Amino acid sequence: MPRIAEARAGAEPTSPRQRARRQSILRVAADIAATTGLERVQMQEVARSAGVAIATLYRYFPSKTHLFTALMADQIEGFAARVPERPAGTSPEDAVFETLGSATRNLLRRPALATAMIQSANAARASTVPDLARIDSGFIDLLVRAWGVEEPTDHHITRLRLLILLWYGVLQSRLNERLTPQEADADLRMACHLLLAPETDAG
């Protein structure tokens, strides 16, 4: 497990050059973690491979927790930008299921990296790792769009939040090989129908 994040947020890039440097760090970190796993990722190696000073790396990412939480936030935002519109005739619950299934398959292409990101997000504290909020809001926005709810209420958001927590468990069970792909899909589909079906809509 990554160590608990330092009690400060990383600096935000303010220029195109700084944003490019930050993205380079994230790409390198992803490639290293996909090969070695989180425990063997060394911040010095990330800085060297990204061509930045170690002080620059720590300015943007005070810990590995910050680094891989930011990476997960970026991946979710990138995934959301690529999700197609819901096909005609697809129920809202099935559209959400397909979205979560696609996200699962995307993450499982590099299981060691997926594990690193999930472990880091689980260790992060919202008060010191702002990218944790990007993960939460990005996922909620993505699923609201898939669900087709134009004006979500607190009740809608609560149901999606519960679904996301369940999805994390299913994803972790796939990574641990406790569930087969078929079992994971069946569990996720049932969760979508139980939580999102119209007859349960009190909002």
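Student: Is Glu 177 buried or exposed?

Tutor: This is a predicted model, and in it Glu 177 has a relative accessibility of 70%. The cut-off for exposed is over 50%, so Glu 177 counts as exposed.

Student: Where does Glu 177 lie?

Tutor: Glu 177 is in the loop between helix H8 (154–175) and H9.

Student: What is the phi of Glu 177?

Tutor: The general idea comes before the case. Most residues other than glycine have a negative phi. Glu 177 is not glycine, yet its phi is positive, near 60°.

Student: Which helix holds Leu 194, and is that residue buried or exposed?

Tutor: Leu 194 is found in helix H9, which covers residues 181–196. With a relative accessible area of 59%, Leu 194 is exposed.

Student: Now a residue in helix H3. Is Leu 57 buried or exposed?

Tutor: Leu 57 has its place in helix H3, residues 54–60. Its relative accessibility is 0% and the cut-off for buried is under 20%, so Leu 57 counts as buried.

Student: Which residues are in contact with Leu 57, leaving aside its neighbours within four places in sequence?

Tutor: With those neighbours left aside, Leu 57 is in contact with Ile 25, Met 43, Val 46, Ala 47 and Val 52. As for Glu 77, which is 20 residues from Leu 57 along the chain, the C-alpha atoms of the two are separated by 22 Å.

Student: How do I read a pair of packed helices?

Tutor: Two packed helices are described by the angle between their axes and the distance between the axes. Take helix H1 (residues 16–36) and helix H2 (residues 43–50): their axes are 9 Å apart and the packing angle is about 125°. That makes H1 oblique to H2. The crossing of this pair is right-handed. On the H1 side the contact is made by Ser 24, Ile 25, Val 28, Ala 29 and Ile 32, and on the H2 side by Glu 45, Val 46, Ser 49 and Ala 50.

Student: How exposed is Glu 45, and how many residues separate it from Val 28 in sequence?

Tutor: Glu 45 lies in helix H2 and counts as partly exposed, at 28% relative accessibility. Glu 45 and Val 28 are 17 residues apart in sequence, while their C-alpha atoms are 9.3 Å apart in space.

Student: At what angle do H1 and H4 cross?

Tutor: The axes of H1 and H4 cross at roughly 100° and come within 10 Å. H1 and H4 are therefore roughly perpendicular to each other. In H1, Arg 22, Gln 23, Ile 25, Leu 26, Ala 29, Ala 30 and Ala 33 meet Leu 67, Phe 68, Ala 70, Leu 71 and Asp 74 in H4.

Student: Is Asp 74 buried or exposed?

Tutor: Asp 74 lies in helix H4 and counts as buried, at 19% relative accessibility. Leaving aside neighbours within four places in sequence, Asp 74 is in contact with Arg 22, Gln 23, Leu 26 and Arg 134.

Student: How do H4 and H5 cross?

Tutor: Helix H4 (residues 64–82) and helix H5 (residues 92–108) have axes that come within 11 Å and cross at roughly 130°. That makes H4 oblique to H5. The crossing of H4 and H5 is right-handed. Gln 75, Phe 79 and Arg 82 in H4 meet residues of H5 including Thr 99 and Ser 102.

Student: How many residues are in the largest nonpolar core?

Tutor: It has 62 residues, and those with the most contacts inside it include Ile 25, Phe 68 and Trp 167. Not counting residues up to four places away in sequence, Phe 68 touches residues among them Ala 29, Leu 38, Leu 113 and Met 117.

Student: What does UniProt list for residues 42–61?

Tutor: UniProt, in an unreviewed entry, lists "DNA-binding region" there. Residues 42–61 are 75% helix and 0% strand, and the end C-alpha atoms lie 13 Å apart. The unreviewed entry also places the feature "domain: HTH tetR-type" at residues 19–79. That span is 80% helix and 0% strand, with its end C-alpha atoms 19 Å apart.

Technical notes: Residues numbered from 1 in each chain as written. Predicted model: local features only at pLDDT ≥ 70, side-chain atom pairs only at ≥ 80, totals over all residues. Heavy atoms only, no water. UniProt positions renumbered as here; feature names shortened; annotations may be inferred. Helix = DSSP H or I, 4+ residues; strand = E, 2+ residues; numbered from the N terminus. Core = buried A, V, L, I, M, F, W, Y, C linked by side-chain atoms within 4.5 Å. Buried < 20%, exposed > 50% of the residue type's maximum accessible area, 1.4 Å probe, protein only. Contact = heavy atoms within 4.5 Å. Axes fitted to C-alpha atoms, helices over the stretch in contact; angles between N-to-C directions. Parallel < 35°, antiparallel > 145°, perpendicular 65-115°, else oblique. Left-handed = near helix turned anticlockwise from the far one by under 90°.
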